[in-house]
Amino acid sequence: MSVSAVQGTLALEAAERSADLPDSVDPVSWSVDAGWTDLVREFRTSPHGLGLVAFLRERMAHGAVVYPPKPLRALDLVAPESVRVVVLGQDPYHGPGQAEGLAFSVAPGVKIPPSLRNIFKELQRDTGAVFPPQGSLVHWAEQGVLLLNTCLTVEDGHPASHAGQGWEALTDAVIRCCSETGPAKVFLLWGAHAQKKRPLIDASRHLILCANHPSPLSAARGPVPFLGCGHFGQANAWLVKKGYPPIRW
C-alpha cells in the first residue's frame, strides 16, 4: 500500500473515531430542548457540574476516548411536557459507534447488543410486534419516551468509568422534574440500579413498573424476570386509560 493510501486510511479511521466523541466536554454547549435549559444551567454551575466538566477535560486531555457524541441527546429529543414514559438505564455502551445518547439504544447499522435484544424479545412476546431490524430507539423518543441513563458518558472499553463523577446529580434532577411536573407518566425501572431511583418518583401519581435488568445475566431471573414482565402492554393499557395515545413500540 502506498504512503498516500496509508495516510488516507489513517485519516478515515481518525474521522470515524472522532464522530463518536463529544463535540465539547462542556455540558453548556450540548443541545437540549428549551424546556430543560434552566435545569441544565443550574447543574452546570453547581459543584457537581463544575466537577464533572473538570473531570471530563482531564480525562480527554490524557487521551481517554469518551462516548457518546451527544451525551444529552435524550433531553434534546424529548421536551419535559412531552414525556409520557421514562426508561432508566445505567450508563452508555462503551464500544466504538454504539452509544447514541439514548438508554439501551444503538446507532443504526450497529449490531444489536444482548440487553437490547432481550428488550425486543419481550416486546415481541408481549405485543406481537415484529423484531426490529436495527437497534435505534429514536422512534420511541419521538413519541415521548425519555430514554435516560443515570450516567451520561463512559470511556471506551470501561463500563461505569464515569459513574459517581457528577452526572447523577443532573439525571436525578431530571427524574424529579418528570415526577413533579406535567401529566402522569409510566416509569420503567429495569434492574436494581434503576430501582434505586424509585424514591425520586411520586408513586401516587405515576405507574412504576419494576423488573430485573434485560441483560442475559439477569433477564430470566429474580422475583420479576424481565422476560415475561409484560411491561410494554401494561404501559400502553395505562396510558390509554389515562386518555393518552399508546406508544408505537
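Reader: Before we start, what should I keep in mind about numbering and confidence?

Author: Residues are numbered from 1 along each chain as its sequence is written, and side-chain values use heavy atoms, with hydrogens and water left out. Since the model is predicted, local features need pLDDT of at least 70 and side-chain atom pairs count only at pLDDT 80 or more, while totals for chains, interfaces and linings use all residues.

Reader: Okay. How many helices and strands are there in the chain?

Author: Helices (H or I, at least four residues) and strands (E, at least two) are DSSP runs, numbered from the N terminus. Here the chain has nine helices and six strands.

Reader: And in what order do the strands sit in the sheet?

Author: Two strands pair if DSSP finds at least two bridges between them. In this model four strands make an open sheet, ordered 3-2-5-6, with parallel pairing. Strand 3 (145-149) and strand 6 (207-211) are the edges, each pairing on one side only. Ignoring direction, neighbouring strands are turned by 15° against each other on average; axes are lines fitted to C-alpha atoms, for helices over the stretch in contact, and angles run from 0 to 180 degrees between N-to-C directions.

Reader: How many bridges join strand 2 to strand 3?

Author: Five bridges, and the two strands run parallel; Val 85, for one, stands opposite Val 145 in strand 3. Strand 2 is joined to strand 5 by four bridges, also running parallel, and there Leu 88 stands opposite Leu 189. Moving along, five bridges link strand 5 (residues 186-190) with strand 6, and Trp 190 has Ala 211 as its bridge partner in strand 6.

Reader: Is strand 2 mostly covered or exposed?

Author: Buried means under 20% relative accessible area, exposed over 50%, partly exposed in between (1.4 Å probe, protein chains only). Strand 2 is mostly covered, with five of its five residues buried. Val 85, Val 87 and Gly 89 point one way, and Val 86 and Leu 88 the other. For the chain, buried residues make up 49% of the 249 residues.

Reader: What does helix 9 touch on the sheet?

Author: Contact means heavy atoms within 4.5 Å. Helix 9 (residues 231-241) packs on the sheet and touches strand 2 (85-89), strand 5 and strand 6, its direction making about 175° with that of strand 6. Cys 210 lies in strand 6, and leaving aside neighbours within four places in sequence, its contacts include Leu 189 and His 231.
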